[in-house]
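Take a look at the model below.

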Amino acid sequence: MGRGWKGRGGWQQAEVPSAEDAAAWFGGRLPDGWFTGDPEVTVDREEIIIVGELPALTGEFADDAARAAAEDGRISRFREDTRDERIEIARQAEHRYQRKVAWGANLGGTQVLFTTLSAPVMTRLRQPERLVLDTLVAAGVARSRSEALAWAVRLVGEHADTWLAELRDAMTKVDDLRSKGPDLS
């Protein structure tokens, strides 16, 4: 299914349809020729993100900046050329999986995500944690506590990928065991 966790554990009771088959569904639904291989499909409770690799650029470029500009331009062209069809596919997927769908493309060293969801998350922090966020704001790393918290979460995600993957795997095993248990309803 690509990266992501189906997210139906005991601590998270929201019932949404399973999206375990999302990568296969998109693989069968996407037009041939959009991407050079299977797209990466990432799923969480609120959103499905599909990111595919576009065909490589041909031609010579004066420098890395010119290559990056050409990659960005090709991704923009893909975005415009496929907009109507992506909207229709997203509409079907949103009905099937009850999640928003976002798109993205990779080309060379450039990745662009199109209109991804930004979900609000409430949390309660004690003063030591608030001071960390306030320090990030005061240092100009972030404009607000909310932005500082998002920055901190991204940083943890970048440096804890292996641990988070093991945790997601363990949660999936718990969900599988729970589904095999007795029905108490």
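A salt bridge here is a side-chain nitrogen of Lys or Arg within 4 Å of a carboxyl oxygen of Asp or Glu. Keep that cut-off in mind for Arg91 and Glu88: their closest N and O atoms are 2.6 Å apart, and the two residues form a salt bridge. The model is predicted.

Start with the contact just named. Arg91 and Glu88 both belong to helix α2. They sit three residues apart, which is about one turn of the helix. How covered are the two partners? Arg91 has 49% relative accessibility, so Arg91 counts as partly exposed. Glu88 has a relative accessible area of 30%, so Glu88 is partly exposed too.

Now step back to the whole chain. The protein chain has five helices and four strands. Read from the N terminus, the order is α-β-β-α-β-β-α-α-α. The C-alpha trace spans about 60 × 45 × 30 Å along its principal axes. The chain has 185 residues, and 27% of them count as buried.

One of the bridge pairs is Glu47 with Lys100 of β3.

What lies between β2 and β3 in the β-α-β unit? Helix α2, residues 64–97, takes that place. Together, β2, α2 and β3 make a right-handed β-α-β unit.

β3 has a further partner, strand β4, residues 110–114. This pairing is antiparallel and has five bridges. Within it, Ala105 stands opposite Val112 of β4. The two strands form a hairpin with two residues between them. Gly108 lies in the turn and has a positive phi of about 60°.

Next come the aromatic side chains. A pair of aromatic rings is described by the distance of the centres and the angle of the planes. The structure holds seven such pairs. Take Trp34 and Trp103: their ring centres are 6.0 Å apart and their planes meet at 75°, so the pair is edge-to-face. The reasoning rests on a cut-off, because planes over 60 degrees apart count as edge-to-face. This pair links distant parts of the chain. Trp34 lies in the loop between α1 (22–29) and β1 (40–43), while Trp103 lies in strand β3, 69 residues apart. Both Trp34 and Trp103 are buried.

Phe35 and Phe78 give another pair. Their ring centres are 5.4 Å apart and their planes are at 50°, so this pair is tilted. Phe35 lies in the loop between α1 and β1, and Phe78 lies in helix α2, so the pair ties together parts that are 43 residues apart in sequence. Phe35 and Phe78 are both buried.

Which residues make up the aromatic cluster? Trp25, Phe26, Trp34, Phe35, Phe78, Tyr97 and Trp103 form one cluster.

Return now to the charges. Side chains of opposite charge can pair when their charged atoms come close. How many salt bridges does a search of the whole structure find? It finds nine. Among them is the contact of Glu94 with Lys100, at 4.0 Å from N to O. Glu94 has 25% relative accessibility, so Glu94 counts as partly exposed. Lys100 is partly exposed as well, because its relative accessible area is 46%.

Another salt bridge joins Asp169 and Lys173, at 3.3 Å from N to O. Both residues lie in helix α5, residues 161–180. They are four residues apart, about one turn of the helix. Asp169 counts as partly exposed, because its relative accessibility is 39%.

Val141, Trp151 and Leu155 make a nonpolar patch of about 230 Å². Leu155 belongs to helix α4, residues 145–159. With 33% relative accessibility, Leu155 counts as partly exposed.

Notes: Residues are numbered from 1 along each chain as its sequence is written. This is a predicted model: local features need pLDDT of at least 70, side-chain atom pairs count only at pLDDT 80 or more; totals for chains, interfaces and linings use all residues. Side-chain values use heavy atoms; hydrogens and water are left out. Patches are made of residues with over 30% relative accessible area and no salt bridge: like charges are joined within 9 Å, nonpolar side chains (Val, Leu, Ile, Met, Phe, Trp, Tyr) within 5 Å. Accessible areas come from the Shrake-Rupley method with a 1.4 Å probe; for residues, only the protein chains shown count as cover. Buried means under 20% relative accessible area, exposed over 50%, partly exposed in between (1.4 Å probe, protein chains only). Two strands pair if DSSP finds at least two bridges between them. A crossover is right-handed if, with the strands pointing away from the viewer, the path from the first strand over the helix to the second runs clockwise. Rings of Phe, Tyr and Trp (its six-membered ring) pair if their centres lie within 6.5 Å; planes under 30 degrees apart count as stacked, over 60 as edge-to-face and the rest as tilted.
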